[in-house]
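Please keep the sequence and the 3D view open as you read.

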Amino acid sequence: MGGQVIQVHSYQQWNQYMQQSCSCVCTPPVIVFFADRCCAASCTMEQTFANLASTYSTLTFLRVELQEQMGIVNANCLNQTPTFLFFKGGKRVDTVIGAIPAQLQQTVQRHSVCQIHQTPHISCPIRAVPTCPIHRGRAY
């Protein structure tokens, strides 16, 4: 988190982020940009993704380079770039395929708000409820 895009360098690092993600209804997803530096469409989305990470600094933004992390790519059955996957509790909850900045922006915006309370995740009242085994009422 913190307004930056985190480059995933290993399958172990990938698993760590997926295990840390929470499936709580009030928790924002981990947003993953599957990119290929040889793909012009991926390159055009780099700045858009970085800007979204800066704007939505309470969300986690990861970047996976296809040529370097084929195990992660194959595990997620990807066949197009750029692809943006949204994960909660290690499970895919949404997908955006292609270099369509407005669609990615809308999807990130939708996931940045608690769907129950229609508030930003950071101020969602459920966060204080001790039912989540990961958060137990702590800020995330």
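Where is the place of Q16? Q16 belongs to helix α1; helices (H or I, at least four residues) and strands (E, at least two) are DSSP runs, numbered from the N terminus. Before going further, note that this is a predicted model, in which local features need pLDDT of at least 70, side-chain atom pairs count only at pLDDT 80 or more, and totals for chains, interfaces and linings use all residues. Residues are numbered from 1 along each chain as its sequence is written, and side-chain values use heavy atoms, with hydrogens and water left out.

**Helix α1**

Buried here means under 20% relative accessible area, exposed over 50%, and partly exposed in between (1.4 Å probe, protein chains only). The buried residues of α1 (residues 11-20) are Q13, W14, Y17 and M18. Viewed down the axis of α1, these residues fall within an arc of 135°, so they line one face of the helix; the arc is that of the directions from the helix axis to the C-beta atoms. On the face turned away from the buried side, α1 carries the exposed residues Q12 and Q19. The cover over the buried residues of α1 includes β1 (5-7), β2 (30-35), β3 (60-65), α3 (70-75) and β4 (83-88), where contact means heavy atoms within 4.5 Å.

Q13 is in contact with I6, Q7 and V8, leaving aside its neighbours within four places in sequence. A polar atom of the Q13 side chain lies 3.4 Å from the backbone oxygen of Q7; a polar contact is a pair of N or O atoms within 3.5 Å, and within protein one must be able to donate a hydrogen and the other to accept it, while residues adjacent in sequence count only if both atoms are side-chain atoms.

| Residue | Relative accessible area | Class |
|---|---|---|
| M45 | 1% | buried |
| Q13 | 17% | buried |
| Q16 | 43% | partly exposed |
| C77 | 66% | exposed |

Six of the six residues of β3 are buried, so the strand is largely enclosed by the rest of the structure. In a regular strand the side chains alternate between the two faces of the sheet. Both faces of β3 are covered, with T60, L62 and V64 on one side and F61, R63 and E65 on the other.

β1 and β3 run parallel and are joined by three bridges; two strands pair if DSSP finds at least two bridges between them. V5 has F61 as its bridge partner in β3. β2 also pairs with β3 in the parallel sense, over six bridges, and F33 stands opposite R63. From β2 the chain crosses through α2 to β3 in a right-handed β-α-β crossover, meaning that, with the strands pointing away from the viewer, the path from the first strand over the helix to the second runs clockwise.

M45 lies in α2 (residues 40-55). Apart from neighbours within four places in sequence, M45 is in contact with F33, P82, F84, A99, I100, P101 and L104. M45 and G98 are 53 residues apart in sequence, yet 8.9 Å apart in space, C-alpha to C-alpha.

P82 is found in the loop between α3 and β4, and a cis peptide bond with omega of about -5° joins T81 to P82. C77 is in the loop between α3 and β4, and its phi is near 50°, a positive value in a residue other than glycine. Most residues other than glycine have a negative phi, and most peptide bonds are trans.
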